[in-house]
Amino acid sequence: MGSLREDMPLLARHEGRWKGTYTYVDAEGTVTDRHESLLTCTLPEGQDHDYHQVNEYTWPDGRTETHVFPGVYQGGGRCVFDTDRLRGEFWQLDDQVIYLTWMYKAEGEDLRLFELIHLSADGRTRNRVWQWIRDGVCYQRTLINETRIT
């Protein structure tokens, strides 16, 4: 088994800090939430995980949330994560797109999320979309635009 860096070179290109905006829309396209984000992505060495992401969210009313996602490389170009809050996996589709699928543990298998992350060729911007599927029906999407700041 190769290393995460060797087997998932696109993921390695995501290392850094990303400033962005999350916009949630319902099935009809109506905006239901919008907030700012700062994500920090690293590939630590010598730890019990191979990927580490910290998501910091800030809403216009001053609310904040922080979530940590440690990932473990499974070989074969797949990485998994399992926290108290959610469980999922991701892999590289091609030289610009990563695919993720996950579930919130409190929701069970009835709710699944599917995400595509597109990294620009110059590595300075990325665009992401989540589809929220409950009982086979997409009831909302999250649209995320980010710019690398470091």
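Asn 127 lies in strand 9. Strands here are DSSP runs of E, at least two residues, and helices are runs of H or I, at least four residues, both numbered from the N terminus. This is a predicted model, where local features need pLDDT of at least 70, side-chain atom pairs count only at pLDDT 80 or more, and totals for chains, interfaces and linings use all residues. Residues are numbered from 1 along each chain as its sequence is written, and side-chain values use heavy atoms, with hydrogens and water left out.

Back to Asn 127. The cut-offs are under 20% relative accessible area for buried, over 50% for exposed, and partly exposed in between, with a 1.4 Å probe and protein chains only. Setting aside neighbours within four places in sequence, Asn 127 is in contact with Leu 116, Ile 117, His 118, Ile 144 and Asn 145. Contact means heavy atoms within 4.5 Å. Lys 105 is 22 residues from Asn 127 along the chain, and their C-alpha atoms are separated by 26 Å.

Next, Asp 135. It sits in the loop between strand 9 and strand 10 (137-148). Asp 135 counts as exposed, since its relative accessibility is 59%. Look at the backbone: phi is positive, about 50°, although Asp 135 is not a glycine. Most residues other than glycine have a negative phi.

On to strand 10, where Gln 140 is found. Gln 140 is buried, because its relative accessible area is 14%. What does Gln 140 touch, not counting residues up to four places away in sequence? Tyr 24, Val 25, Asp 26, Ala 27, Thr 32, Trp 130, Gln 131 and Trp 132. Then there is Val 31: 109 residues from Gln 140 in sequence, and 9.6 Å in space, C-alpha to C-alpha.

Now Arg 87, in strand 6. Arg 87 is partly exposed, given a relative accessible area of 36%. Beyond residues up to four places away in sequence, Arg 87 touches Phe 81, Asp 82, Trp 102, Met 103, Lys 105 and Glu 109. Ala 121 is 34 residues from Arg 87 in sequence and 29 Å from it in space, C-alpha to C-alpha.

Now the pocket. How much space lies in the largest pocket? About 490 Å³. The search uses a 1 Å grid over the protein atoms alone; a pocket is an open set of points where a 1.4 Å probe fits, with protein on both sides within 12 Å along at least five of seven lines, and lining residues have an atom within 4 Å of a point. The lining has 30 residues, and Asn 55, Tyr 57, Phe 69, Arg 128 and Trp 130 lie nearest the centre. Strands supplying at least two lining residues each include strand 2 (31-42), strand 3 (51-58), strand 4 (64-75) and strand 9 (125-134).

Finally, the whole chain. It has two helices and ten strands. From the N terminus the order is α-α-β-β-β-β-β-β-β-β-β-β. The radius of gyration is 15 Å, close to the 15 Å that the globule rule gives for 150 residues, so the protein chain is as compact as a globular protein of that length. That radius is taken over C-alpha atoms, and the rule is 2.2 Å times the number of residues to the power 0.38. Along the principal axes, the C-alpha trace spans about 45 × 35 × 25 Å. Of the 150 residues, 43% count as buried. Among contacts between residues at least 6 apart in sequence, 34% join residues at least 24 apart.

Notes:
Grid points are joined across faces, edges and corners, and a volume is the space filled by probe spheres set on the points.
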